[in-house]
Amino acid sequence: MPPAIETRDLRKEYGDLQALSGLSLTVEEGEFFGLLGPNGAGKTTFINTLVGLVRKSGGEARVFGHDVETDYQQARDAIGLAPQEFNVDRFFPIREVLAHKAGYHGIPQAEAKRRADDVLERVGIYDKRNERFDWLSGGMKRRLLLARALVTEPDLLILDEPTAGVDVQLRHDLWELVTELNEEGTTVLLTTHYIEEAERLCDRVAILDEGRTVTVATPDELKERGTDTIAVRLESPPASVPPLGEYAHETSLADDRLEVRVDDGGSTAPRLLNDLEAAGHEIADLEITRTSLEEIFVDLTDREDRTVTRSSASGREGGEGDGDGEGGGAEDSDGNGKTDDRPPERETEGVA
Amino acid sequence: MFSTGARALFRREILRFVRRPKNTFLPPAITNVLYFAVFGIVLGGRIDRIAGFDYILFILPGLIVLGTISNAFENASFSIFHGRWNEYIHETLTSPLSYLEMVVAYVAASAVRGLIVGAIIAAIGALFTPVTVEHALYLVVTMGVISVLFAGFGIIGGLWARDFDDLTVMNQFILRPLVFFGAVFYSLEMLTPTWRQVSRLNPMVYMVDSVRYGFLGYSDLVPLTSLGVLVGLTAVVLAIDVTLFKRGFGLTD
């Protein structure tokens, strides 16, 4: 069986701007794969290339062995996409929107309606089935995007920032649902700014920066690449940092607290304690902090404009639909320069 | 060509305008009641018969053409452009439909709207004057071709437009003047030879003349030649539509 996604030297240029500059990536069938990267790293461009919304400038991209341009029908049939933007048909109640989408994938009308009901129940908005998209709350809109991705029963589910700007409950519901889908055999490609999300859900993650893959590894492997910090509280504050072995990459002393950066905190701690005791210091307390994936991410994509969010520290936890920027307000921030001059939906409906 | 997926898109497109009769069917109905009342009854009685027909009967085919092509064009251009503007056309573009199927579904649905409006105008005309059909088959084929042709033009317009003003400009400042100078309200025989030749450059002339031939059996041009020109033009426009979809013009980055 070919990989779910396979790209080689994938490139996309917008004039002088290189959105993708030789991206090579393989996602195996059945994997839960995460894409991390700062804003502008090329994550959405990469996804849109797979589904046909962006035309590649060079390189190769295949979905389950189907070239995304020459075999575009087979490639697209395998994909269910929940994008960042709220790009949903405004003319119809959401149940019909889903039935139409299933229909475009060749599913007969009666079956399409049944599937629409099923996925609406699965994402928890069945009671809103006769509402139009514009009347849903922000959180419900996110759920609908997921339902639309699922209604075609895709082999590859692509989720582009699915939990940006949603409340904690919804985030956990979505995590549970996509984990379940992955366990049922669906390959999942997830892009996220929430490091915790990638750490919790993904079998492997790729970190992208400036349109290319910086690294691909499991979250644990990535964390092992970082340094740990051993913090020791000494009974008597020393005047200066005691002499330590080469294992100590960096040391700092603040009053009675000594911090030492080492490669592996667990195996190095006994040596550090021996050295300190040999130097006549008495240990009052010790704490080892492992490098977080977030810190690895920051190290690997060290740019001024990076955006990374740890969900526990996020200020967007307050409620459905009140997200900003990349999240619940994605409709207002689509990067196409249409932000301010779009007329309200209902104004446009009467045109023709 | 019409797979389950294409039928689903066609159905969606039909439902979009059928469920909004106040926006789609009522305006042309009211406009044409006014046309028939003013040009046919009020002014028509003071205008000489043209080619042996009452004026109201002479203008009826032209008004049907005007309504049909305007609505076929508007439907296709609006549907494509509104989908682009709100990006829900991505639902279609990310589906396994072929580009040909996409074009066929959009064009067919828009042509159906044009034909429905044409039928409504004919029915309204029949309330004002007895309507005869001299060449039914020719009329049906011609109406089908011109509605497809302008649905095809509408696709190009919807892909090209950058905002809603562009759609208005195309309809009001290009389409409508061409139709008005397409011998809707007069016969080509009433023009000087020079203007008659110039008029032949206007594709609307062939449409109005063909439909008039279908209804009245009267034409200024050779009917089969007109139909041939229209079929050829339609094939070219549809080929352009499919090519634009394939290239992602206005649709993909």
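Helices (H or I, at least four residues) and strands (E, at least two) are DSSP runs, numbered from the N terminus.

This is a predicted model, in which local features need pLDDT of at least 70 and side-chain atom pairs count only at pLDDT 80 or more, while totals for chains, interfaces and linings use all residues. Residues are numbered from 1 along each chain as its sequence is written, chains are lettered from A and ligands numbered from 1 in the order in which they are written, and side-chain values use heavy atoms, with hydrogens and water left out.

Q: What makes A:Arg115 and A:Glu111 a pair separated by about one helical turn?
A: Both residues lie in helix H4 (residues 109-123) of chain A, and they are four residues apart, which means a separation of about one helical turn.

Q: Why does A:Arg115 count as buried?
A: Buried means under 20% relative accessible area, exposed over 50%, and partly exposed in between (1.4 Å probe, protein chains only). A:Arg115 has 13% relative accessibility and therefore counts as buried.

Q: What makes the pair of A:Glu250 and A:Arg261 a tie between parts of chain A?
A: These residues form a salt bridge with the closest N and O atoms 3.1 Å apart. A:Glu250 lies in strand S12 (residues 250-254) and A:Arg261 in strand S13, so the pair ties together parts that are 11 residues apart in sequence. Relative accessibility is 47% for A:Glu250, which is therefore partly exposed, and 32% for A:Arg261, which is therefore partly exposed as well.

Q: How do you know that A:Asp9 is partly exposed?
A: The relative accessible area of A:Asp9 is 39%, which means that it is partly exposed. A:Asp9 forms a salt bridge with A:Arg11, the closest N and O atoms being 3.5 Å apart. A:Arg11 counts as partly exposed because its relative accessibility is 28%. Over all chains, the structure holds 22 salt bridges.

Q: What does the side chain of A:Asp264 reach, and at what distance?
A: It reaches the backbone nitrogen of A:Gly266 at 3.2 Å. A polar contact is a pair of N or O atoms within 3.5 Å; within protein, one must be able to donate a hydrogen and the other to accept it, and residues adjacent in sequence count only if both atoms are side-chain atoms. A:Asp264 sits in the loop between strand S13 (257-262) and helix H9 (265-278) of chain A, and at 38% relative accessibility A:Asp264 counts as partly exposed.

Q: How many residues does the contact take from chain B and from chain A?
A: Contact means heavy atoms within 4.5 Å. The contact takes 40 residues from chain B and 45 residues from chain A. Between them the chains bury about 3,800 Å², 52% of it on carbon and sulfur atoms; buried area is the accessible area (1.4 Å probe) that two parts lose on being put together, summed over both. In chain B, B:Glu91, B:Pro96 and B:Asp253 lose the most area to chain A, together 19% of what that side buries.

Q: What makes B:Arg12 and A:Asp89 a salt bridge?
A: Their side chains meet at 2.8 Å, N to O. The count between chain B and chain A is three salt bridges, and 17 residue pairs are in polar contact there (both at pLDDT 80 or more). The largest share of the side of chain B that touches chain A, eight residues, comes from H1(B).

Q: Why does B:Ser199 count as buried?
A: B:Ser199 counts as buried because its relative accessibility is 10%. This residue lies in helix H9 (residues 193-199) of chain B. B:Ser199 touches B:Leu188, B:Leu191 and B:Val205, not counting residues up to four places away in sequence.

Q: Which residues touch the most other members of the largest nonpolar core?
A: A nonpolar core is a set of buried Ala, Val, Leu, Ile, Met, Phe, Trp, Tyr and Cys residues joined through side-chain atoms within 4.5 Å. Of the 163 residues in the largest one, A:Phe46, A:Leu50, A:Leu189 and B:Phe245 touch the most other members. H4(B) supplies the largest share of this core, 18 residues. Apart from it lies another core, of 11 residues, including A:Ala248 and A:Val260.

Definitions and conventions:
A salt bridge is a side-chain nitrogen of Lys or Arg within 4 Å of a carboxyl oxygen of Asp or Glu.
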